[in-house]
Amino acid sequence: MYRAPRGTSDILPEEQGYWHYIEASARAMAQRFGYGQMNTPIFEQSSLFIRGVGQGTDIVEKEMYSFDDRGGDPLTLRPEGTAPICRAYLEHGMRNLPQPVRLYYFAPAFRYERPQAGRFRQHHQFGVEALGDGDPSVDAEMIEMAWQLMKGLGLKDLTLLVNSIGDAQCRPDYLKHLKDYYTPLTTQLCQDCKERLERNPLRLLDCKQPTCIALKQDAPQTVDHLCSECHDHWQKLLSYLQTLDVPFQVEPRLVRGLDYYTRTVFEIHPAKEGAQSALCAGGRYDGLIQELEGPPTPGIGFAAGMERMVLNLKRQGVPVQGENLVKAVVAYLGDDAKQTAISLASNLRNGGVGAILTPAGRSLRSQMRYANSLGIPYALILGEDEMKNESVIIRDMAHGEQQEVPMQKAVEELVRLIAS
Ligand code: HAM
């Protein structure tokens, strides 16, 4: 039997309520903050991600779904949404618009990871990016949005972590301190971190191996090595967050797994879970657009994992409306009644009432069972008598009450009953 590929999943109709709830809530929130929706292709030129996300990252080294198409072009299924948004910003001359340009997206993302709870090979992100404004008030806006999103969904007991990782000016000095700290500890590092120490030492702070986590506790802190511009930006951000009453926690060794970040980074985690559980994560990336051959352009954003939000809504028992929009089932006995039932079901739908026909060839009792098993609140019944009388019985399935109404009045009466 075929199964969905490892690390992917089907989203069944009964799950859709959660997805629609998150989508509606996220979209409304983004619109309140002045963000417009942007869709980009599912695949891009591979070099966009290699340059954007960075050579030494897990995503580029181990996780991309890359292939040459039939014309020989190297393409990659989007592993994340920020680089494509920056590509589109440049391609569509958005730097000529008033800045910052505020964009949001819903997008599937593909990473060849080891699947586990909340970690998939295809996942879906709701993401937000503000391009063209480096002011710390935009960082505060972004963090406020991420927090509002989680709160608006009804999620509780969350931790918001923020840090500043400096920029091209001060990072080299920090990395020197970091290397000086880790070099005498090399033998205690995991194999990956031994290599990271040479190629991408910041990533040592992001390692999930218990021994490396223990070693990082005394590592130098990025915020102690910021240049004056980054320090000033960081201090202003903290004061704006205080003004906004966003309950943040400074995590001085928070770094991110993508190379494009500068200055502000942040993550929101559910309580009592490990470092791999971020519900949403993001930060500033002031060098990314230049890396993609654009002019110097600041940017900041975050993305929230849809599957992780669904998982946490379920764990926390947040009630979400189901999707059953069908209000009526049309039941019938005999071929003549079937013709009328087909037309009645159609009239109901045209009148705005979700309606389906029962499957053919069943007894009335079995047709009622069918309505019950689907949780449909009303059955409209057409038997011999009703055909003669040009009427229909409307049955309230929950209470067992029923009434006979003239056929012409059926839609009107059902609309009235549903509304009441
Ligand atoms: P990221 O931290 O790689 O950042 O992913 C963002 C969010 O997507 C994570 O916090 C998590 O909720 C979800 N996520 C990531 N990988 C998986 C996975 N394998 N399975 C399930 N969920 C996952 C980015 O992608 C950046 N582009 C975020 C950003 C936007 N930074 C600035 N702007």
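Helices α1 and α5 are oblique to each other in this predicted model. Two packed helices are described by the angle between their axes and the distance between the axes. For α1, which spans residues 16-32, and α5, the angle is about 140° and the axes lie 10 Å apart. Angles over 145 degrees would count as roughly antiparallel, so the pair is classed as oblique. The crossing of the two helices is right-handed. The residues that make the contact are listed below by helix.

| Helix | Residues in the contact |
|---|---|
| α1 | Tyr21, Ile22, Ser25, Ala26, Met29, Ala30 |
| α5 | Met145, Gln148, Leu149, Gly152, Leu153 |

**Glutamate 144**

Helix α5 covers residues 136-153 and includes glutamate 144. Glutamate 144 is buried, yet it forms no salt bridge. The nearest side chain of opposite charge belongs to arginine 32, at a distance of 8.4 Å; a salt bridge would require a side-chain nitrogen of Lys or Arg within 4 Å of a carboxyl oxygen. When neighbours within four places in sequence are left aside, glutamate 144 is in contact with Phe33, Leu244 and Val246.

**Leucine 374**

Another part of the chain, the loop between α13 (364-373) and β14 (378-382), holds leucine 374. Its relative accessibility is 38%, and leucine 374 therefore counts as partly exposed. Not counting residues up to four places away in sequence, leucine 374 touches Asn324 and Ile356. Valine 329 is 45 residues away from leucine 374 along the chain, and the C-alpha atoms of these two residues are separated by 9.6 Å.

Conventions. Residues are numbered from 1 along each chain as its sequence is written. This is a predicted model: local features need pLDDT of at least 70, side-chain atom pairs count only at pLDDT 80 or more; totals for chains, interfaces and linings use all residues. Side-chain values use heavy atoms; hydrogens and water are left out. Helices (H or I, at least four residues) and strands (E, at least two) are DSSP runs, numbered from the N terminus. Buried means under 20% relative accessible area, exposed over 50%, partly exposed in between (1.4 Å probe, protein chains only). Lys and Arg count as positive and Asp and Glu as negative; His and the chain ends are not counted. Contact means heavy atoms within 4.5 Å. Axes are lines fitted to C-alpha atoms, for helices over the stretch in contact, and angles run from 0 to 180 degrees between N-to-C directions. Angles under 35 degrees count as roughly parallel, over 145 as roughly antiparallel, 65 to 115 as roughly perpendicular and the rest as oblique. A crossing is left-handed if the near helix is turned anticlockwise from the far one by less than a right angle, and right-handed if clockwise.
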